[in-house]
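Subject: Structure handover

Hello,

I am passing on the structure we discussed, with my notes below it. Please look through it and then read on.

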Amino acid sequence: MIERTLRAKNAAAGVRFTVKTLVSAGIVVLAVVLPQLVHLVAGAQGGMRWLPMYLPVLLGGCLLGWRWGLGAGILSPLASFCITSLAGNAMPAAARLPYMMAELAVFAAVSGLFSKKIAENGWMAFPAVLLAAVSGRAFFLLLAAVFQTVSPLSAAAVWSQIQTGLLGLVLQAVLVPFIVMGLRRLVLHGQKTEE
């Protein structure tokens, strides 16, 4: 969506790169800060129930497209892990980190595949988020099943986590598309006032 908007404004390649880099950095920062806030308010289980890191990553995919979204999806849990490890309480835990990086990469890439369609029709954010959520969680479960003999995460434990986070995913399946549609409307309104 952002790429299309920048191209419509005839932004130079360097400007497009800079804007997408800044938006990506903002997504990663939000993906680090939001889980901390949820953990403060809802406790340790709040992260598993509300999946706060997923919301910015889904936004990133819808707004930035699959390539930039993929980068934000991979970097978000890695940045969170590195920063929170310095404070002595790594989030996500080291055993969960590779799984979360893979899962959020799928979330961002799948939602990002819809970015051009979302630019044309904001309602496309709904199937984008739903398909991304189902794909990402299914990939997480598949990874756990494949690697459960060498990993502390079993498929049964992952299935339990998926069930725990179902309410958070449903909330995001509604909230993220409305945020995306609101941002799209702001961008379109800005384009009309410039003409």
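With a relative accessibility of 5%, L51 counts as buried, because the cut-off for that class is under 20%. L51 sits in the loop that links helix 3 (46-50) to helix 4. Its phi is near 50°, a positive value in a residue other than glycine. Please keep in mind throughout that this is a predicted model.

Helix 4

Helix 4 covers residues 54-64, and eleven of its eleven residues are buried. They are Y54, L55, P56, V57, L58, L59, G60, G61, C62, L63 and L64. Just after helix 4 comes G65, with a positive phi of about 95°.

Cysteines

How many disulfides does the structure hold? The number is zero. C62 has a relative accessibility of 0% and so counts as buried. C82, at 43%, counts as partly exposed, because its value falls between the 20% and 50% cut-offs.

Helices 5 and 6

Helix 5 (residues 66-86) and helix 6 (residues 97-112) have axes that come within 7 Å and cross at roughly 155°. The two helices are therefore roughly antiparallel to each other, and helix 5 passes helix 6 in a right-handed crossing. On the helix 5 side the contact is made by W66, G69, L70, G73, I74, P77, L78 and F81, and on the helix 6 side by L97, M100, M101, L104, A105, A108, A109 and G112. By class, the residues of this contact divide into 13 nonpolar, three polar and no charged.

The loop between helix 5 and helix 6 contains P92. A cis peptide bond joins M91 to P92, with omega about -5°.

Helices 8 and 9

A second pair is formed by helix 8 (residues 125-147) and helix 9 (residues 155-164), which pack at an angle of about 160° with their axes 8 Å apart. That angle makes helix 8 roughly antiparallel to helix 9. The crossing of helix 8 past helix 9 is right-handed. Helix 8 contributes R137, F140, L141, A144 and A145 to the contact, while helix 9 contributes A155, V158, W159, Q161 and I162. These residues divide into eight nonpolar, one polar and one charged.

A145 of helix 8 has a relative accessibility of 37%, so it counts as partly exposed. A145 and A25 are 120 residues apart along the chain, and their C-alpha atoms are separated by 32 Å.

N10

One more backbone item concerns N10, which has a phi near 55°, again a positive value in a residue other than glycine. N10 lies in the loop between helix 1 (2-8) and helix 2 (13-42). Is N10 buried or exposed? At 67% relative accessibility, N10 counts as exposed, because the cut-off for that class is over 50%.

Regards

Terms used. Residues are numbered from 1 along each chain as its sequence is written. This is a predicted model: local features need pLDDT of at least 70, side-chain atom pairs count only at pLDDT 80 or more; totals for chains, interfaces and linings use all residues. Side-chain values use heavy atoms; hydrogens and water are left out. Buried means under 20% relative accessible area, exposed over 50%, partly exposed in between (1.4 Å probe, protein chains only). Helices (H or I, at least four residues) and strands (E, at least two) are DSSP runs, numbered from the N terminus. A disulfide is a pair of cysteine sulfur atoms within 2.5 Å. Axes are lines fitted to C-alpha atoms, for helices over the stretch in contact, and angles run from 0 to 180 degrees between N-to-C directions. Angles under 35 degrees count as roughly parallel, over 145 as roughly antiparallel, 65 to 115 as roughly perpendicular and the rest as oblique. A crossing is left-handed if the near helix is turned anticlockwise from the far one by less than a right angle, and right-handed if clockwise. Contact means heavy atoms within 4.5 Å. Ala, Val, Leu, Ile, Met, Phe, Trp, Tyr, Cys and Pro count as nonpolar, Asp, Glu, Lys and Arg as charged, and the others, Gly among them, as polar.
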